[in-house]
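Visitor: I've got a few minutes and a new model to look at. Could you walk me through it?

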Amino acid sequence: MPSSRGLDGIRCLLMRGGTSKGAYFLADDLPADRAERDELLLRIMGSPDERQIDGIGGAHPLTSKVAVISLSGDGNSDVDYLFLQVSVDKAEVSDSQNCGNILAGVGPFAVERGLVEAQPAMTSVRIRMLNSDSIATATFPTPDGMVEYRGETAIDGVPGTAAAVTLAFEDTAGSSTRALLPTGQQSDLVDGVKVTCIDNGMPTVLMDAADLGVAGTETPAELEAMPALAERLARIRVEAAALMGMGDVSGTTVPKLVLLSEPRNGGVITTRSFLPVRCHTSIGVLGGTTVAAGIQLPGAAGHQLAALPPAGEPLRLEHPTGYLDVGAELEDSPSGITTKSSTVLRTARKLFDGVVFPR
């Protein structure tokens with residue numbers, strides 16, 4: 001498929017994936033050189049500028065995301081997916097993490113661009129997530145050989161309903177740190193706080209909200225307005241990252257931080273997720289699979305707060321705008337506790353398909 005890069009703009013599909021929004025590109029439509037690609041994406045998204053007024057970014061980390069997709073050459077998957085987080089107020093583009101919400105749009109995009117042939121009723125696309133070299137399979141409706149975005153599935157954090165996209169993850173344990181519990185412990189003490197450092201698709205630090213002096217039910221805006229909390233979370237993130245073997249994380253968005261408290265509305269646990277400074281208005285897909293794995297561990301932060309369902313049932317995580325239902329099944333392995341399977345139900349919607357003109 002020929003590249004459309006040039007004076008006439010760059011082919012782009014803007015899509016909502018889960019509770020995020022991003023620009024989806026074919027890899028061939030972007031420069032092969034990483035520095036040139038990142039500089040172009042900053043111009044496309046309008047960064048650095050807190051309003052992103054001169055680009056298509058939405059002035060928030062959840063709406064300043066990019067997916068780069070190509071045919072896979074590994075013989076084990078259909079397409080390769082590289083997720084890039086474009087900073088809003090800094091000239092930074094990071095590939096240090098996955099995004100499971102943007103992942104929800106990768107399968108439909110692959111069909112839209114002719115990388116994968118749609119099946120008569122449902123299509124499954126096997127996706128290699130390059131950020132972590134792991135596999136996810138997206139399954140979604142394709143009646144008459146075309147992607148159907150309309151449907152009756154509602155996910156909290158998104159108004160209305162859309163067609164369901166089922167995401168089944170493989171090898172999520174240790175996606176970036178090589179172990180479900182990268183410190184080797186179910187809990188550690190960091191800056192005087194009991195934390196659980198865990199990676200089931202997203203390197204994450206779990207904490208009891210009460211140990212940070214908050215209820216864990218505050219709105220994102222209320223939590224972001226607490227400078228003392230922000231300073232302490234920043235210290236904890238740096239120290240926990242060192243314990244996880246992640247090195248200097250001052251310029252990255254991982255590990256994530258999640259404050260946990262008792263469920264209030266029929267779920268399993270209440271979450272407040274930080275990425276890394278802004279408080280998520282919901283919770284990321286892979287952050288959700290990681291929380292779901294962590295709270296099942298008897299010695300983990302938050303385990304004593306959780307109202308766990310019977311084995312095999314989904315775990316409903318409460319977040320600021322509703323719920324995320326997650327499946328995370330653990331098992332013992334020769335190297336310790338790991339994840340047997342992780343699943344999440346999402347939706348996606350095509351917003352526009354055309355060309356974007358960088359400034």
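This is a predicted model: local features need pLDDT of at least 70, side-chain atom pairs count only at pLDDT 80 or more; totals for chains, interfaces and linings use all residues.

Visitor: Let's start with the cysteines. How many disulfides are there in the whole structure?

Guide: A disulfide needs two cysteine sulfurs within 2.5 Å. Take cysteine 12: the closest cysteine sulfur sits in cysteine 99, 15 Å off, so a bond is out of reach. Cysteine 279 also has cysteine 99 as its closest partner, and at 16 Å that is too far for a bond. Searching the whole structure gives a disulfide count of zero.

Visitor: And is cysteine 12 buried or exposed?

Guide: The cut-off for buried is under 20% relative accessible area. Cysteine 12 comes in at 0%, so this residue counts as buried.

Visitor: Now helix 6. How many of its residues are buried?

Guide: Helix 6 covers residues 285-294 and is mostly covered. The buried list runs from Val285 and Leu286 through Gly287, Gly288, Thr289, Thr290, Val291, Ala292 and Ala293 to Gly294.

Visitor: What is the C-alpha to C-alpha distance between glycine 9 and tyrosine 149?

Guide: In sequence, glycine 9 and tyrosine 149 are 140 residues apart. In space, going C-alpha to C-alpha, the separation is 26 Å.

Visitor: On to the pockets. Which element gives the largest share of the lining of the largest pocket?

Guide: That pocket has a volume of about 730 Å³. Strand 4 (79-86), helix 4 (220-224), helix 5 (227-243) and strand 12 (256-261) each give two or more residues to its lining. With six residues, the largest share comes from helix 5.

Visitor: How many nonpolar residues are in the lining of the largest pocket?

Guide: The lining is made of 32 residues, with Lys90, Leu275, Pro276, Val277 and Arg278 nearest the centre. Eight of the lining residues are polar and eight are charged. The nonpolar ones number 16.

Visitor: What about the second largest pocket: which element gives the largest share of its lining?

Guide: This one has a volume of about 310 Å³. It is lined by 18 residues, and those closest to its centre are Gly312, Glu313, Leu315, Gly327 and Ala328. Two elements give two or more residues, strand 15 (322-333) and strand 16 (336-356). The largest share, five residues, comes from strand 15.

Visitor: How many charged residues are in the lining of the second largest pocket?

Guide: By class, ten residues of that lining are nonpolar and five are polar. The charged count is three.

Visitor: One last stop. Which side chain makes a polar contact with the side chain of threonine 172?

Guide: Threonine 172 lies in the loop between strand 8 (164-170) and strand 9 (188-190), and it is buried because its relative accessible area is 5%. Setting aside neighbours within four places in sequence, it is in contact with Asp199, Asn200, Gly201, Thr339 and Ser342. The side-chain polar contact, at 2.6 Å, is with asparagine 200.

Conventions: Residues are numbered from 1 along each chain as its sequence is written. Side-chain values use heavy atoms; hydrogens and water are left out. Buried means under 20% relative accessible area, exposed over 50%, partly exposed in between (1.4 Å probe, protein chains only). Helices (H or I, at least four residues) and strands (E, at least two) are DSSP runs, numbered from the N terminus. On a 1 Å grid over the protein atoms alone, a cavity is a set of points where a 1.4 Å probe fits but cannot get out, and a pocket is an open set with protein on both sides within 12 Å along at least five of seven lines; lining residues have an atom within 4 Å of a point. Grid points are joined across faces, edges and corners, and a volume is the space filled by probe spheres set on the points. Ala, Val, Leu, Ile, Met, Phe, Trp, Tyr, Cys and Pro count as nonpolar, Asp, Glu, Lys and Arg as charged, and the others, Gly among them, as polar. A polar contact is a pair of N or O atoms within 3.5 Å; within protein, one must be able to donate a hydrogen and the other to accept it, and residues adjacent in sequence count only if both atoms are side-chain atoms. Contact means heavy atoms within 4.5 Å.
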